[in-house]
Amino acid sequence: MAVKPSNKFGGKDFGGCGLIGIIDTSGTPLPGGMIISSLCTMKERGNGLGSGYAIYGVYPDFREHYAMHLMYSSDNAIPVVEEHLKENLEVIHSEPIPVRRVGAIQHPPSFWRYFVNVPEKQRGNGAGQDTIVRVVMEINEKIENAYVLSSGKNMAVFKGVGHPDEIADFFRVDEYSGHTLIGHNRFPTNTPGWWGGAHPFTILDWAIVHNGELSSYGTNKRYVEMYGYKCALLTDTEVVAYLFDLLIRRKGLSLEASASVMAPPFWKNIQEMGEPQKSYYTALRTVYGSAALNGPFAIVMGFNGGIMGFNDRIKLRPLVVGKKGDVVAIASEESAIREVINDPEDIHVPRAGEPVIVRLKDAKK
Amino acid sequence: MAKIDANGLYYKILNEKIRDLVDKGERTIDLVNVNGQRYIADGITKDIRITINGVPGNDLGCFMNGPQIIVNNNAQDGVGNTMNGGKIIVKGLAGDVCGYGMRGGKMFILGDAGYRVGIHMKGYKNLNPFIVIGGNSGDFLAEYMAGGVMVLLRMFGRNNGNGKLGDYLGTGMHGGTVYVRGGVNKKNLGKGVGFAEITASDRKVLDGIIREYAADLEVNAEEILKADFHKLTPLSSRPYGQLYVY
């Protein structure tokens, strides 16, 4: 496997966003350089206005703690956020996220990471995820110049304005490794190309990368707002992270069901189904209609335990799956997979709306 | 014959090298270690032959008029976008929107093809484009088709073509002909498309194109031709003529 970060594709051209998720289902850590090389193969799909990475299994020493990555566009926000974290959570360890000086990146925000616990009295129901979600929403909505980039256990998001090689270089992504790697380069269309607008978008350990536009954003946003989520990052994809958290963690839907909610079968196809599928899909569309995504998309989502990729129901964006041994990759282009998986055993193109789910063999990793 | 090692070459450099060779009179070019380089052979109007080893990037052979391209692996999206003449042979699968607005020439795909293949392909005077897909295809095959010939075999590819036939076949079609080997359920067809009788002249067209396809891709023509084909044609040459007329 090629693992060296590659800067070979140097130009700037027009394209659509590029995305990729790679997982080693045995739980063996994959080098960060792998996702960089892969993403740089699709450099033409972005225009330098946003790139980002998510790495799972990245903080084994702090695996039981939520890793909160904070972006500060003004350092004045640092004490305000730290005070808020102390009021609500136990901060086990905090440090600036190491970055390199990169010529192409001028005046970047500052980045800190905080490893936190949810104290017993703050937990409420469950293991404290609701508390983490609440704190993330409060910071994003109420504290000026501060944004949470990721908040899951044993996972990290690095993202910003730049080409994929520049952002990787800046955040030293080549120095990390993890069993699951997600990457995205952005070609912003309807929303600003700012640091918080780069993908992945996250809440807890859900990390979403997306190629496309969500014309249903207004409906989806109003729906998640009823459950306390605040869309503060000025980009449609943010709402998808909250939808997954709501549908899977809070409503208890499976990954497959949540994909069928977001990319539902057409009514005409539901009419042709036998039972119980007909009742099942009718119920999903009826109950969760406000969570359906309209518009073109290819989405790859990472979570602790696996990745899922799926398309809109008429497949207006590309998505390809490649596999070799324990390693599976889902990407916008086959070449991005071949860049890091020599001679894959299988290349498969999922049909519109068909979710591709790949899990770690041992979810505890 | 010239050979270019495309390993690590940025697409612009690779295409410049190809053009330089063509300008110098080279007629046969082999590319090795291709991976994701876009726009290969775009706009080339010479009668050359390019063999690609590796997976070429999007828009392979876009606007080309004359070359023959052989891809020994899979191809990505947008193969033969608006091509005017020549031939593209893909020995694996091909992605979405292949043959977009294709106006002439031939495209032979051995395996499966993606969504919206042949969207708005058209013929004009002596130009008549052909696409033959050996495997299955995604939804919206021949969408808004205005001319030319599309043949779907469903014999080769990932499940030997045994998947579900794509939905919305020929949606908005207003010209040209689609031939599908084997059964076609009417519910898979888009609005404005209907079955037509296979005539002796259809048989002649199919016979000719399938024999050429089989020779290029080294498959058995008799095996392909022995099954029934369904012919699909537009019910109207102006399906949306009344769309905004109230």
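**Figure 1. Overall view of chain A in the predicted model.** Of the 365 residues in chain A, 54% are buried, and the model in which they are seen is a predicted one. The secondary structure of chain A consists of ten helices and 18 strands. Its radius of gyration is 19 Å, close to the 21 Å that the globule rule gives for 365 residues, so chain A is as compact as a globular protein of that length. Taken along its principal axes, the C-alpha trace of chain A spans about 60 × 50 × 40 Å. Among the contacts in chain A with a separation of 6 or more, 76% are accounted for by residues 24 or more positions apart.

Figure 2. Chain B has three helices and eleven strands, which follow one another along the sequence in the pattern β-α-β-β-β-β-β-β-β-β-β-α-α-β. The radius of gyration of chain B is 18 Å, close to the 18 Å given by the globule rule for 246 residues, so chain B is as compact as a globular protein of that length. The C-alpha atoms of chain B fill a box of roughly 55 × 45 × 30 Å along the principal axes, and buried residues make up 54% of its 246 residues. In chain B, residues 24 or more positions apart account for 42% of the contacts with a separation of 6 or more. The contact between the chains takes 20 residues from chain A and 19 residues from chain B; on the side of chain B that touches chain A, four of the residues are nonpolar, nine are polar and six are charged.

**Figure 3. Close-up of the pairing of helices H2 and H3 in chain A.** Helix H2 (residues 77-88) of chain A and helix H3 (residues 129-142) of chain A have axes that come within 11 Å and cross at roughly 160°. The two helices, H2(A) and H3(A), are therefore roughly antiparallel to each other, and their crossing is right-handed. On the side of H2(A), the residues A:Val81, A:His84 and A:Asn88 meet A:Thr131, A:Val135, A:Glu138 and A:Ile139 of H3(A). By class, the residues of this contact between H2(A) and H3(A) divide into three nonpolar, three polar and one charged.

**Figure 4. Close-up of the packing of helices H5 and H6 in chain A.** Helix H5 (residues 217-225) of chain A packs with helix H6 (residues 238-250) of chain A at an angle of about 45°, and the axes of the two helices are 10 Å apart. H5(A) and H6(A) are therefore oblique to each other, and the crossing of H5(A) and H6(A) is left-handed. From H5(A) the contact draws on A:Tyr217, A:Asn220, A:Lys221 and A:Val224, and from H6(A) on A:Val239, A:Tyr242, A:Leu243 and A:Leu246. In this contact of H5(A) with H6(A) there are six nonpolar residues, one polar and one charged.

Figure 5. A:His163 lies in the loop between strand S8 (155-160) and helix H4 (164-171) of chain A, and A:His163 is buried, with 26 other C-beta atoms within 10 Å. Leaving aside residues up to four places away in sequence, A:His163 touches A:Lys43, A:Gly46, A:Gly48, A:Ser51 and A:Asn185. By contrast, the C-alpha atoms of A:His163 and A:Glu141, which are 22 residues apart along the chain, are separated by 28 Å. Seven of the eight residues of H4(A) are buried, so H4(A) is largely enclosed by the rest of the structure. These buried residues of H4(A) are A:Pro164, A:Asp165, A:Ile167, A:Ala168, A:Asp169, A:Phe170 and A:Phe171, and they pack against helix H1 (32-41), strand S3 (51-56), S8 and strand S10 (180-185) of chain A. H4(A) is followed by A:Arg172, whose phi is positive, near 55°.

**Figure 6. Close-up of A:His348 and its contact with chain B.** A:His348 is found in strand S17 (residues 346-348) of chain A and, with 16 C-beta neighbours inside 10 Å, counts as partly exposed. Not counting residues up to four places away in sequence, A:His348 touches A:Val321 and B:Arg158. Although A:His348 and A:Val321 are 27 residues apart in sequence, their C-alpha atoms are 5.1 Å apart in space.

Note on methods. Residues are numbered from 1 along each chain as its sequence is written. Chains are lettered from A and ligands numbered from 1 in the order in which they are written. This is a predicted model: local features need pLDDT of at least 70, side-chain atom pairs count only at pLDDT 80 or more; totals for chains, interfaces and linings use all residues. Two residues are in contact if their C-beta atoms, placed from the backbone, lie within 7 Å. Ala, Val, Leu, Ile, Met, Phe, Trp, Tyr, Cys and Pro count as nonpolar, Asp, Glu, Lys and Arg as charged, and the others, Gly among them, as polar. Axes are lines fitted to C-alpha atoms, for helices over the stretch in contact, and angles run from 0 to 180 degrees between N-to-C directions. Helices (H or I, at least four residues) and strands (E, at least two) are DSSP runs, numbered from the N terminus. Angles under 35 degrees count as roughly parallel, over 145 as roughly antiparallel, 65 to 115 as roughly perpendicular and the rest as oblique. A crossing is left-handed if the near helix is turned anticlockwise from the far one by less than a right angle, and right-handed if clockwise. The radius of gyration is taken over C-alpha atoms; the globule rule is 2.2 Å times the number of residues to the power 0.38. A residue is buried if 20 or more other C-beta atoms lie within 10 Å of its own, exposed if 12 or fewer, and partly exposed in between; C-beta atoms are placed from the backbone.
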